[in-house]
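Student: I would like a close look at one part of this predicted model. Please take it step by step.

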Amino acid sequence: MQTTSVLIQSLCVPCGNYCRYCLLSWNGRVEGAGWERSVRLAERWLRELKEQRPALQASFAFGCSMEHPDLKDALRTLRRLGSPMADFLQCDGMEMRDEAACAELMALLKGEGIRQLNFTVYGLPDYHDRFAGRKGDYALILRMMRAAGRAGIPCDAGIPLTKENVGQADELICCLKEAGCAQVRLFIPHEEGRGRTLAAVRLTKRDLETLSPAARALLNTAVFRTEAEWLKEAGGYREEKRQILLSLRLDNIDRYEGLDALSALRETEALDDAYYAAFPDFAGLAERYGDPAGEKIYRVRDLFAHYRARYAAEHGIRPYDVTDERFSGSRRS
């Protein structure tokens with residue numbers, strides 16, 4: 001297994017939403033190490049990785065939202081550390097703003113060189129607000145999009161499709177484009193974090209066919225396919241690369257500050273090795289759990305995770321979960 005990149009993160013900023021499929025299972029408690037300590041450690045580790053493992057792509061990011069109390073300083077720090085977040089900002093869970101405050105925010109972002117904004121929209125106003133766990137969130141997104149357009153910052157949006165909201169997708173796409181959204185894409189949500197609560201409403205091929213052809217074209221069908229389609233290729237599926245995530249948390253920052261970057265990297269690579277050794281490979285799990293006629297739509301990574309969850313429950317095992325992105329771990333591809 002080849003490690004190709006390292007992401008150092010600190011989930012030190014609260015999120016304004018409580019989305020039903022939150023990857024980070026945000027519960028209102030900040031678990032990331034403080035900003036200043038995180039930046040100092042990230043700076044050292046990035047320097048060490050550049051010197052000792054120059055072939056690795058390494059970067060720093062923060063969350064759970066981008067609503068940093070000193071956003072200008074945070075963006076400049078990200079740029080200094082070479083983070084992609086200095087150009088591309090994910091804008092979910094930002095604090096409520098009126099039109100004037102949205103314009104002020106966009107002027108700041110434009111001045112700091114932000115070149116693209118991204119939003120996630122779950123449905124039309126009432127459904128979106130319920131899903132996001134905050135009244136007025138849909139209206140906020142449209143205000144921010146319009147303000148971004150006036151400031152000359154392009155926006156794109158993702159719509160996670162389920163059985164619940166597929167009937168809203170065509171109208172929603174029109175609403176987003178009217179608000180100035182340059183690009184809309186459809187995707188199928190994961191079952192990680194709180195996403196496991198959406199398993200019962202996972203989209204099927206039949207559901208997808210209820211969309212207009214123009215809307216269906218916004219879903220990448222090379223990436224999101226039915227279970228039956230993935231099973232035809234199960235024998236040839238291999239994950240050969242991994243990204244290592246080093247999550248700087250209140251409960252590990254003291255220990256991490258005593259480690260060099262390579263030690264932290266090797267430690268997490270060992271966690272990745274142990275986790276995947278606890279399960280059969282994708283082909284073995286597919287033979288055990290796969291439905292050759294399955295019409296539910298997955299990304300192959302998510303289908304593999306779905307099978308691993310079933311195997312873990314059946315065998316009563318609970319290995320350290322390297323896919324839980326609140327903690328240090330990995331992402332294979």
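Student: Which residues are buried in helix α2 (residues 71–80)?

Tutor: In this predicted model, the buried residues of helix α2 are L71, A74, L75, T77 and L78. Buried here stands for under 20% relative accessible area. Viewed down the axis of α2, these residues fall within an arc of 160°, so they line one face of the helix.

The buried residues of α2 pack against α1 (35–52), β2 (57–64), β3 and α3 (99–111). Just after α2 comes G82, which takes a positive phi of about 75°.

One of those partners, β3, leads on to a sheet. Strand β3 (88–90) is an edge strand, as is β6 (183–187), and each pairs on one side only. The sheet is open, with 4 strands in the order β3-β4-β5-β6 and parallel pairing. On average, its neighbouring strands are turned by 20° against each other, direction ignored. Within the sheet, 4 bridges join β4 (residues 116–120) to β5 (residues 155–160), and L117 stands opposite C155 in β5. Another helix, α5 (residues 137–151), packs on this sheet and touches β4 and β5. The direction of α5 makes about 165° with that of β4.

To return to the part you asked about: α2 has its buried residues along one face, and β3 is among the elements they pack against.

Notes: Residues numbered from 1 in each chain as written. Predicted model: local features only at pLDDT ≥ 70, side-chain atom pairs only at ≥ 80, totals over all residues. Heavy atoms only, no water. Pairing = 2+ DSSP bridges. Helix = DSSP H or I, 4+ residues; strand = E, 2+ residues; numbered from the N terminus. Axes fitted to C-alpha atoms, helices over the stretch in contact; angles between N-to-C directions. Contact = heavy atoms within 4.5 Å. Buried < 20%, exposed > 50% of the residue type's maximum accessible area, 1.4 Å probe, protein only. Arc of directions from axis to C-beta.
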